[in-house]
Amino acid sequence: MNTTRPSSPIDPKSSPSAAQLIEIRSLAPGDDATAFRTLNEEWITRYFSLEAKDLETLNNPVHSILLKGGHIFMAYAGAEAVGCVALIPMHDGVYELSKMAVSPHLRGRGLGRRILLHAIAHAKSIGARSLFLGSNTRLRDAVHLYESVGFRHVGPGNLPPIPYSRADVFMEMPLEPDWQ
């Protein structure tokens, strides 16, 4: 089932095309996942190397994410896929926020924040208890974005195993209302 959120423009002060609408939709098991792979390969190979878990996930996101009860959200500017993020279920309402990417020509314009907030809102709507992620200190803008929406730094032992050798930043976001 494709879930469509209302479209809204990217920040007109920073976008060359203020009329360009961004639509965030769920990727469903029959949809073409090529853009999900391409967007992620671009940032991973720019800063790191593709690892075995990257290849497993990107080669078959339907099997490795969707059929396990996870979710992939794709952001589109018209017909062009310009961003994505995944929620991968772990256990007991805990989800990994993973494979977040924004097209290089749209970075720094608020699209990553929109995709991230969409994923967080969806996680809350399905009753997720918490989100976690692994990142890297080289990705300062991404780490700052996660901090700005409420993720907090934790030790790696406080999270489910993260299978990426590049991960040296570990963060979580409890979604329960009494968390402070």
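1. Helix α4 has a buried side made up of L111, G112, I115, L116, H118, A119, I120 and A123. Buried here stands for under 20% relative accessible area, exposed for over 50%, and partly exposed for values in between, computed with a 1.4 Å probe on protein chains only. An α-helix has 3.6 residues a turn, so residues three or four places apart point the same way.

2. The model is predicted: local features need pLDDT of at least 70, side-chain atom pairs count only at pLDDT 80 or more, and totals for chains, interfaces and linings use all residues. Residues are numbered from 1 along each chain as its sequence is written, and side-chain values use heavy atoms, with hydrogens and water left out.

3. The length of α4 can be checked. The helix covers residues 111–125, and its 15 residues should span 21 Å at 1.5 Å a residue; the end C-alpha atoms are 21 Å apart, which agrees. The expected span is 1.5 Å times one less than the number of residues. After α4 comes G127, with a positive phi near 85°.

4. On the overall layout, the chain has five helices and eight strands. Both are DSSP runs numbered from the N terminus: helices are H or I with at least four residues, strands are E with at least two. Their order along the sequence is β-β-α-α-α-β-β-β-α-β-α-β-β. Of the 180 residues in the chain, 47% are buried.

5. Next, the aromatic rings. Rings of Phe, Tyr and Trp (for Trp, its six-membered ring) pair if their centres lie within 6.5 Å; planes under 30 degrees apart count as stacked, over 60 as edge-to-face, and the rest as tilted. By this rule there are three aromatic pairs. W43 and F48 form one that is edge-to-face, at 6.4 Å centre to centre with 90° between the planes. W43 is buried at 14% relative accessible area, and F48 is buried at 15%. Y146 and F151 have ring centres 5.9 Å apart and planes at 65°, so this pair is edge-to-face. Y146 and F151 are both buried. W43, Y47 and F48 form one aromatic cluster.

6. Which rings have a charge over them? The charged end of R25 sits over the ring of Y76, 3.9 Å from its centre. R138 lies over the face of F48, at 5.3 Å from the ring centre. The criterion is that NZ of Lys or CZ of Arg is within 6 Å of the ring centre and within 35 degrees of the ring normal.

7. The largest pocket has a volume of about 830 Å³. Of its 34 lining residues, M100, L139, D141, A142 and Y146 are the closest to its centre. Two or more lining residues come from each of α1 (34–47), β5 (94–102), α4, β6 (130–135) and α5 (140–148). β5 gives the most, with seven residues. By class, the lining has 17 nonpolar, eight polar and nine charged residues. Ala, Val, Leu, Ile, Met, Phe, Trp, Tyr, Cys and Pro count as nonpolar, Asp, Glu, Lys and Arg as charged, and the others, Gly among them, as polar.

8. For the pocket terms, a 1 Å grid is laid over the protein atoms alone; a pocket is an open set of points where a 1.4 Å probe fits, with protein on both sides within 12 Å along at least five of seven lines, and lining residues have an atom within 4 Å of a point. Points are joined across faces, edges and corners, and the volume is the space filled by probe spheres set on them.

9. Two residues other than glycine deserve a look for their backbone angles. D92 has a positive phi, near 45°. D92 is in the loop between β4 (80–91) and β5, and is exposed at 61% relative accessible area. K99 also has a positive phi, near 55°. K99 lies in strand β5 and is buried, with a relative accessible area of 5%.

10. The C-alpha atoms of D168 and S135 are separated by 6.3 Å, although the residues are 33 apart along the chain. D168 is in the loop between β7 (152–153) and β8 (169–174), and is partly exposed at 39% relative accessible area. A77 and E23, 54 residues apart along the chain, have C-alpha atoms separated by 6.6 Å. A77 belongs to strand β3 (residues 71–77) and is buried at 8% relative accessibility.
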